[in-house]
Amino acid sequence: MPDNKTFSGAAGERMYDTKGKLIQAHGGQIQKFTVNGTKRWYWIGEDKTDGYRPCGGIHMYSSSDLFQLKDEGVILRTMDTIEDFMLPYFKQTYGDLDRIEQERLFVDLDRQNCVIERPKIIYNKKTGKYVIWFHADGRCSGSEGDYGKAKAGVAIADSPTGNFRFLGSYKLNYHNDPTADYGFDGWENRGSVRDMNLFLDKDDTAYIIYSSEGNRTTYISKLNDAYTALAAERDTAREGIDFTRNFIGAYKEAHAMFHYKNKYYLIQSGCTGWSPNPASYAVADCPMGPWKEMGDPCPDVGKETTYDSQSACVIPVEEENGIYVYMGDRWNEQDLADSRYVWLPIQFLPDSRIALPRMENWTFN
Ligand code: DGJ
């Protein structure tokens, strides 16, 4: 932040932790957790210290006020070689795994080949576990591209600051019609997951929101009680009950869902790689829709690029007072480590409309 009272909005200033190091938490999410009786903000995101690769894993910061950001370190670590499972950190986190298990997990943790994007975290009251989901992608045998694997990765820990143990990566729900248009994925790659987010509802039901069918369509799927898998088996899941397909053929990503006064809101971007495009938003009565498209939330100069940002999440700062903050990424494709964050207040307007006013640097009144 520019100082300890002002948020960086469209100015996209560099943000530093309390030790003066650049924040590495891209494509992230901020929310409050109560840990050992203390409420704090936790910011999870992609560590891009080394740019796109080697992949830095998932970084966490914590804060009492959203300004002072304490580095909690890399909470989901990647590996140089499969032999890293023998190092103390990984032994402590994973125990003794047989070679088959190591190979299964290494595909998604191999820092020279994996892609870990848009990590999100939710707390499960029943199991007492913190659960991370992320877009697990990258090169693997049979798929040389960075985004051909297209899975969702899951990791769990007893504390939001880790160590997180990676459980595996999975394809998710699919539309059971082999003749349908699956975009560039095709039927072979059905259930693909790229940009994704999580949403935890008031009734403790959790949802994963993800771009699928070659990014054509936004899926919203219910998670199981432990939040570690889909609620219903992938091959028998019922469309409309266990999952929904939304904005079919509209190519949306960067999903950011939130709840305010009996309505659910979903802000998204279009699909133009690292380059920004106009945002759109939709409103619904339930997390799985049906969604009513409301258009572009940005009213001001620069709206054609969402003020040079792409949505990552919406921070429910004070739900009861309607204080919500949009958090976007200003990707710098030439130097991903120096990608910036754009925070903007959300304005709630009549008829369930919202606006993201352009503000350079700003504070709450
Ligand atoms: C847009 C996505 O929103 C980002 O998370 C990242 O996957 C880039 N595409 C890669 O081009």
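Modeller: Buried means under 20% relative accessible area, exposed over 50%, and partly exposed in between (1.4 Å probe, protein chains only). The model is predicted: local features need pLDDT of at least 70, side-chain atom pairs count only at pLDDT 80 or more, and totals for chains, interfaces and linings use all residues. Residues are numbered from 1 along each chain as its sequence is written, and side-chain values use heavy atoms, without hydrogens and water.

The lysine is Lys 149. Lys 149 counts as buried because its relative accessible area is 6%. It sits in the loop between β7 (129–138) and β8; strands (E, at least two residues) and helices (H or I, at least four) are DSSP runs numbered from the N terminus. What does Lys 149 touch, leaving out residues up to four places away in sequence? Its contacts (heavy atoms within 4.5 Å) include Val 107 and Asp 108. Ala 136, Asp 137 and Gly 138 are also among them. Cys 140, Ser 143, Lys 171 and Asn 189 complete the list.

The peptide bond between Gly 162 and Asn 163 is cis, with omega about 0°. Gly 289 and Pro 290 are also joined by a cis bond, with omega about 5°. Pro 290 belongs to the loop between β16 (280–284) and β17 (292–295).

Two loop tyrosines have a positive phi. Most residues other than glycine have a negative phi, and most peptide bonds are trans. Tyr 251 has phi near 50°. It lies in the loop from β13 (243–246) to β14 (252–260). Tyr 307 has phi near 55°. Its loop runs between β17 and β18 (310–318). Are these two tyrosines buried or exposed? Tyr 251 is partly exposed, because its relative accessible area is 37%. Tyr 307 has 1% relative accessibility, so it counts as buried.

Now the rings. The whole structure has 30 aromatic pairs. Rings of Phe, Tyr and Trp (its six-membered ring) pair if their centres lie within 6.5 Å; planes under 30 degrees apart are stacked, over 60 edge-to-face, the rest tilted. One of the pairs is Tyr 265 with Phe 348, edge-to-face, with 5.9 Å from centre to centre and 70° between the planes. This pair links distant parts of the chain, 83 residues apart. Tyr 265 is in strand β15 (residues 263–270), while Phe 348 is in strand β21 (residues 347–349). The two partners fall on either side of the burial cut-off. Tyr 265 has a relative accessibility of 3%, so it is buried. Phe 348, at 23%, is partly exposed.

Ring pairs also build a cluster. Phe 7, Trp 43, Tyr 61 and Phe 67 are among its members.

Finally, the whole chain. It has two helices and 23 strands. The C-alpha trace spans about 55 × 55 × 40 Å along its principal axes. Of the 365 residues, 56% are buried, and Lys 149 is among the buried residues. Among contacts with a separation of 6 or more, 53% join residues 24 or more positions apart.
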